[in-house]
Amino acid sequence: MSENRSPASRAAFWRGFRDCSPFVVIVIPFSTLFGVAARDAGLDLFQVVAMSAIVIAGAAQFTALSLLQDGAPVFVVLLASLAVNMRMAMYSAALVPHLGKASLRLRMLMAYVMVDQTYAVSVQTYEAEPQMPLDEKVSYYFGCIIVVCIPWYLCTFLGALLGQAIPVSLSPDFAVPICFIALFAPMLHSLPHLVAAGVSVLAAVLFSGLPWNFGLIVAALLAMLAGAQVEFWQIRRRTRTQTVVAPLD
Amino acid sequence: MIDDHTFWLVTFALGLGTYLIRFSFLGLLGGRQLPDWLLTHLRYVGVAVLPALVTPMILWPASLNGSFDPLRMIAALAALLAGARLGVIWAIGVGMGSLWTLQFFFS
């Protein structure tokens, strides 16, 4: 990606590579576990790797996999796993001010490899250095991508290879809920997030009787409403105190 | 068992749908912004969907024919705590590690 470009943009590529490399520690176990879980669910090697290459979205792949195993109807599987990926619409929107002027071809490629880590790291850097030229921003983005996506493909494959070798006594199926917990636990850093997660769990139990895993959709919608309402309430409360006390910043 | 036809249908539709979500703003809408109320709701998608997905897996695991297992419950809570305090990688390590340890002693 960085060949026949300026030295500055090549440097930006390697900087992105370096900045994103700590996430390898997460990507490797996560993708390996997906490979293991997918084989456990009865997919063949080619299917596992194809799914990772076509979708590249761990949480959604785990969601689809577990719902498929439950025998949920296709539209429920899609609705739930696409809901998990809706957060990427926010990433896409957040990248526009920085990468929106790149060529359509590049933007199409950048969209394909847009994942949580690359989004988080690159936007952080762009915001810290708004004067960075476009071609360097693009190179930086691809530096981030390479270090996350290559291990993603490779380790899904390795996990799928290993999958059958893992004994049932190690409860490999437990890796699926554990991966989901690993994904959302670090998000529980504010009151609205905690409330949303709490409503999500409660509603999942209350509506577990609904057919076709509809309980999941109902629980997710209620939890989103709850999170947003708590946030609105916090903003209202803050503006009220600010009219009495002068704003701090 | 997941049948081939369903698997490929879901994989391609999910791949396409996910791509369109990723492409949406960066690709099509240029600099236009989403309305604030929608962004506020989207912020909670992750914590709204994932816990609801995990809950039945912990309470009624399919591999145990849906019977509750207190060891899995404890391991899941340990993973949640480790994830919230220390981060992703700890959640995975603590979750699997504590289940194996508990199983070693109690079953």
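Okay, let's start in the middle. The largest nonpolar core has 113 residues, and the members touching the most others are Cys179(A), Phe180(A), Ile181(A), Ala223(A), Ala79(B) and Ala91(B). Who gives the most to this core? That's helix α9 of chain A, residues 134–163, with 12 residues. Oh, and keep in mind that this is a predicted model.

Take Cys179(A) from that list. Leaving out residues up to four places away in sequence, Cys179(A) touches Phe30(A), Leu33(A) and Phe62(A), plus Ile92(B) over in chain B.

Now the contact between the chains. Chain A puts in 80 residues and chain B puts in 61. On the chain A side, helix α10, residues 175–184, gives the most, with 10 residues. Sort that side by class and you get 62 nonpolar, 14 polar and 4 charged residues.

From chain B, let's pick Leu99(B), which sits in helix α5, residues 88–106. Is Leu99(B) buried or exposed? It's buried, because 23 other C-beta atoms lie within 10 Å, and the cut-off for buried is 20 or more. Again skipping residues up to four places away in sequence, Leu99(B) touches Ser171(A) and Phe174(A) from chain A, and Leu71(B), Arg72(B) and Ala75(B) from chain B.

Last stop: helix α5 of chain A, residues 74–85. With 12 residues at 1.5 Å each, this helix should span 16 Å, and its end C-alpha atoms are 17 Å apart, so the two agree. Buried residues in α5(A) include Val77(A), Leu78(A), Leu82(A) and Asn85(A).

Methods:
Residues are numbered from 1 along each chain as its sequence is written. Chains are lettered from A and ligands numbered from 1 in the order in which they are written. This is a predicted model: local features need pLDDT of at least 70, side-chain atom pairs count only at pLDDT 80 or more; totals for chains, interfaces and linings use all residues. Two residues are in contact if their C-beta atoms, placed from the backbone, lie within 7 Å. Helices (H or I, at least four residues) and strands (E, at least two) are DSSP runs, numbered from the N terminus. Ala, Val, Leu, Ile, Met, Phe, Trp, Tyr, Cys and Pro count as nonpolar, Asp, Glu, Lys and Arg as charged, and the others, Gly among them, as polar. The expected span of a helix is 1.5 Å times one less than its number of residues. A residue is buried if 20 or more other C-beta atoms lie within 10 Å of its own, exposed if 12 or fewer, and partly exposed in between; C-beta atoms are placed from the backbone. A nonpolar core is a set of buried Ala, Val, Leu, Ile, Met, Phe, Trp, Tyr and Cys residues joined through C-beta atoms within 7 Å.
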